[in-house]
Amino acid sequence: MTGGAGVPVRAAGCVLWRRAPGGALEICLVHRPKYDDWSHPKGKLKAGEDPLAAALREVQEETGHSCAPGARLPTVRYAVNGRPKEVDYWAAEATGGAFTPNNEVDRVSWLTPAAARTRLTQQHDRELLDALHGALR
């Protein structure tokens, strides 16, 4: 997206989850080697792209998984290199697929919510776990 310093970069992603054998909740986190961080799968919107479509595309590209979108989660706002960024999120249940390392993401981890909270690099990503918990009740 082009624009001045005040125009937010728009992105979208999902808090990707599944039920482990036995029913325990697991959260998928992605590791991006460029930033050496752990986060939820997300990415920038293409020109004219619907945010939910972008979120589902990013999950597929970054994790290799297809998913069924669920509840809308809070929009996360923060600055990147002095420019505002807005990321729309959805809860999404993994429905199948397999991860293959790529240029953007070299690892994924399926973790319990407590372990995911510890591994996530950014506080705003941890807050999305609380929103997911509320959405799945």
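Let's start with Leu52, which is partly exposed, with a relative accessible area of 25%. On the scale I'm using, buried means under 20% relative accessible area, exposed means over 50%, and partly exposed is in between, with a 1.4 Å probe and protein chains only. Before I go on: this is a predicted model, where local features need pLDDT of at least 70, side-chain atom pairs count only at pLDDT 80 or more, and totals for chains, interfaces and linings use all residues. Residues are numbered from 1 along each chain as its sequence is written, and side-chain values use heavy atoms, with hydrogens and water left out.

Back to Leu52. You'll find it in helix α1; helices here are DSSP runs of H or I with at least four residues, strands are runs of E with at least two, and both are numbered from the N terminus. Setting aside residues up to four places away in sequence, Leu52 touches Pro69 and Trp90, where contact means heavy atoms within 4.5 Å. From Leu52 to Leu136 you go 84 residues along the sequence, and 19 Å through space, C-alpha to C-alpha.

Next, Gly43, over in strand β4. Gly43 counts as buried, at 12% relative accessibility. Leaving out its neighbours within four places in sequence, Gly43 is in contact with Ala11, Ala12 and Glu58. Gly43 and Arg57 are 14 residues apart in sequence, and their C-alpha atoms are 8.8 Å apart.

Not counting residues up to four places away, Asp88 touches Arg10, Ala11, Ala12, Gly13, Pro51, Arg72 and Thr75. So is Asp88 buried or exposed? It's buried, with a relative accessible area of 6%. Its side chain also makes a polar contact with the side chain of Arg72, at 3.0 Å. A polar contact is a pair of N or O atoms within 3.5 Å; within protein, one must be able to donate a hydrogen and the other to accept it, and residues adjacent in sequence count only if both atoms are side-chain atoms.

Now two loop residues. Asp36 is in the loop between β2 (25-32) and β3, and Asn81 is in the loop between β5 and β6. Asp36 isn't a glycine, yet it has a positive phi of about 50°. Asn81, also not a glycine, has a positive phi near 50°. Asp36 is exposed at 57% relative accessible area, and Asn81 is exposed at 80%.

On to cysteines. How many disulfides does the structure hold? It holds 0, a disulfide being a pair of cysteine sulfur atoms within 2.5 Å. For Cys28, the closest cysteine sulfur is in Cys67, 10 Å away, so that's too far for a bond. Cys67 is in no disulfide either, and its nearest cysteine sulfur, in Cys14, is 4.7 Å away. Cys28 is buried at 0% relative accessible area, and Cys67 is buried at 16%.

Last, the largest pocket. A pocket is an open set of points on a 1 Å grid over the protein atoms alone, where a 1.4 Å probe fits, with protein on both sides within 12 Å along at least five of seven lines; lining residues have an atom within 4 Å of a point. The largest pocket is lined by 26 residues, and Arg32, Tyr35, Lys44, Val80 and Lys85 lie nearest its centre. Among the elements giving at least two lining residues each are α1 (51-63), β6 (83-97) and α3 (123-136).
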